[in-house]
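Please work through each task before reading its solution.

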There are 2 protein chains.
Amino acid sequence: MKSHPSGESFSLKGRFWIEGPQGAFLGHGRIRLLERIREHGSISAAAKSLKMSYRRAWMLVDAINRQCAKPLVITSTGGKGGGGAILTENGQRAIQQYWEVSRRFEEFLQSENAHWSF
Amino acid sequence: MKSHPSGESFSLKGRFWIEGPQGAFLGHGRIRLLERIREHGSISAAAKSLKMSYRRAWMLVDAINRQCAKPLVITSTGGKGGGGAILTENGQRAIQQYWEVSRRFEEFLQSENAHWSF
């Protein structure tokens with residue numbers, strides 16, 4: 001590889017998200033919510049751990065599920081703020097795929113950095 | 001390539017920018033400003049064409065130039081809003097490099113799309 005002495009000060013940064021049939025589908029924030037639901041077993045506990053309102057968390061989960069052939073999260077009965085929630089196999093796979101893309105995305109950004117010098 | 005019938009509805013989206021030694025260096029907005037400076041030959045005309053204040057455009061150019069060994073834009077004398085501005089060779093190269101990265105970035109996003117199905 002060629003040497004780019006002044007290129008070390010410049011780096012490529014970026015963000016990504018997955019767009020679904022109805023707009024935003026999965027980004028970093030929603031993946032974090034799904035991971036917390038997996039961890040806590042309920043939407044309300046997940047929301048609380050993220051200092052997010054239950055209403056907002058529920059709406060995000062609903063926005064995710066509505067765009068999929070198979071839901072990513074299944075909730076069991078219970079009143080507002082009650083009941084449990086689990087990640088489906090599809091949900092587990094979505095989280096895994098997200099982090100795999102994230103790794104390749106970071107690799108892409110890294111691979112571009114050698115090109116920069118101004 | 002494998003067929004992913006339900007994957008067509010999902011696509012990877014993203015944005016990128018170049019971070020310099022003092023933070024944000026070049027993103028889509030700044031590149032557009034540089035291109036307008038090249039086109040119009042002055043910061044004030046470039047700013048006007050983007051419905052941006054002269055002050056803001058000047059500060060963006062200053063923020064860009066301060067981070068480089070060689071400036072991307074050189075201004076000739078003239079009062080506030082007067083004088084001319086030209087892109088240096090380094091400035092021309094920055095625009096070209098930005099769009100080359102942009103093309104590879106879009107290619108990366110496209111290359112990931114086949115992986116998605118939910």
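**Exercise 1: A charged pair within chain A**

A:R66 is exposed, because its relative accessibility of 58% lies over the 50% cut-off. The model in which this value is computed is a predicted one.

Task: Identify which residue forms a salt bridge with A:R66.

Solution: The partner is A:D62, and the closest N and O atoms of the pair are 2.7 Å apart. A:D62 has a relative accessible area of 21% and is therefore partly exposed.

**Exercise 2: A salt bridge between chains**

Task: Determine how the side chains of A:R104 and B:E112 meet, and where the two residues lie.

Solution: First, the two side chains form a salt bridge with an N to O distance of 2.6 Å. Next, A:R104 belongs to helix α4 (residues 89-112) of chain A and B:E112 to helix α4 of chain B, so the pair joins two chains. Finally, A:R104 is partly exposed at 23% relative accessibility, whereas B:E112 is buried at 3%. Between chain B and chain A the count is two salt bridges.

**Exercise 3: The interface**

Task: Describe the contact between chain B and chain A by its residues, its area and its strand pairing.

Solution: Chain B contributes 31 residues and chain A contributes 32 residues. The buried area is about 2,900 Å², with 67% from carbon and sulfur atoms. Strand β1 (residues 11-20) of chain A pairs with β1(B) in the antiparallel sense over nine bridges. In this pairing, A:E19 stands opposite B:S11.

Definitions and conventions:
Residues are numbered from 1 along each chain as its sequence is written. Chains are lettered from A and ligands numbered from 1 in the order in which they are written. This is a predicted model: local features need pLDDT of at least 70, side-chain atom pairs count only at pLDDT 80 or more; totals for chains, interfaces and linings use all residues. Side-chain values use heavy atoms; hydrogens and water are left out. Contact means heavy atoms within 4.5 Å. Buried area is the accessible area (1.4 Å probe) that two parts lose on being put together, summed over both. A salt bridge is a side-chain nitrogen of Lys or Arg within 4 Å of a carboxyl oxygen of Asp or Glu. Two strands pair if DSSP finds at least two bridges between them. Helices (H or I, at least four residues) and strands (E, at least two) are DSSP runs, numbered from the N terminus. Buried means under 20% relative accessible area, exposed over 50%, partly exposed in between (1.4 Å probe, protein chains only).
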